[in-house]
Amino acid sequence: MLAISHAATALLVKRRYPEARMGWILLAAELPAIAWVGLGFAGIEGAGMGMPYSHSVVSLLLAAAVAWLLVGRLLRRRALGAAAALAIVLHLLLDLALHAQQLPFAPFGELRLGLGLHAAPPLAIAAATAYGLACWLVFGGGKGLLAVIVLLTMAQLTFAAPLAVDIAVAIACVWYFSRARAAELEHPSRRLARAFA
């Protein structure tokens, strides 16, 4: 899945949980991809080895539950725990739509899942663009955020950056261009104050 699509997911989650901080939501939305990169550097996962730990259905559902329990219950940040769990589950759902039976059900299982939109790159880019636009609309983002989502999605047609770079650019751009709207969602009184300024 395109890193920008996972970053755009954070917009949906922020809209649902406005009190949760956007930076943490972005990290949760990209967590499986970040784990895949880290496990690749460690030689545990990678291009030839698949993604049995970072992207299995069981692993991601477990990661979502741990995020919810650890952050929501133990740290008593319920909104952030729920937001992180939702972001991880949405990452899984997006990957299931795009990957062609590459996602294992469990780390050591043989069952592989995925609808395979990646097999048709124009269809995958169209779906990713539509998804990004939907996230942007629900969030109520500005023109800069819209441009970032469309341009980073279209950039996937012309070049493939290393995944770590793709993730970092997506997180940085979505965070930067969503700051004002995210602050409004966290503090609705700011919108009213600006209206009378």
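The lining of the second largest pocket in this predicted model comprises, by class, 10 nonpolar residues and 1 charged residue, with no polar residues among them. The volume of this second largest pocket is about 210 Å³, and the residues that line it are W24, L27, A28, L31, A67, V71, L75, R77, L80, A84 and I88. At least two residues of this lining are supplied by each of helix 2, helix 3 (57-74) and helix 4, and the largest share, 4 residues, comes from helix 2.

Helix 4 (residues 78-98) also lies alongside helix 1 (residues 3-16), in that the axes of the two helices come within 10 Å and cross at roughly 140°. Because angles over 145 degrees count as roughly antiparallel and those of 65 to 115 degrees as roughly perpendicular, helix 1 and helix 4 are therefore oblique to each other. The crossing in which helix 1 passes helix 4 is right-handed. On the side of helix 1, the residues that take part in the contact are S5, H6, T9 and V13, which meet A83, L86, A87, L90, H91, L94 and D95 in helix 4. Divided by class, the residues of this contact are 6 nonpolar, 4 polar and 1 charged.

The loop between helix 1 and helix 2 (22-41) contains P18. When neighbours within four places in sequence are left aside, P18 is in contact with L185 and E186. The C-alpha atom of P18 is separated by 18 Å from that of I171, a residue 153 residues apart from P18 along the chain.

How values were computed:
Residues are numbered from 1 along each chain as its sequence is written. This is a predicted model: local features need pLDDT of at least 70, side-chain atom pairs count only at pLDDT 80 or more; totals for chains, interfaces and linings use all residues. Side-chain values use heavy atoms; hydrogens and water are left out. Axes are lines fitted to C-alpha atoms, for helices over the stretch in contact, and angles run from 0 to 180 degrees between N-to-C directions. Angles under 35 degrees count as roughly parallel, over 145 as roughly antiparallel, 65 to 115 as roughly perpendicular and the rest as oblique. A crossing is left-handed if the near helix is turned anticlockwise from the far one by less than a right angle, and right-handed if clockwise. Contact means heavy atoms within 4.5 Å. Ala, Val, Leu, Ile, Met, Phe, Trp, Tyr, Cys and Pro count as nonpolar, Asp, Glu, Lys and Arg as charged, and the others, Gly among them, as polar. On a 1 Å grid over the protein atoms alone, a cavity is a set of points where a 1.4 Å probe fits but cannot get out, and a pocket is an open set with protein on both sides within 12 Å along at least five of seven lines; lining residues have an atom within 4 Å of a point. Grid points are joined across faces, edges and corners, and a volume is the space filled by probe spheres set on the points.
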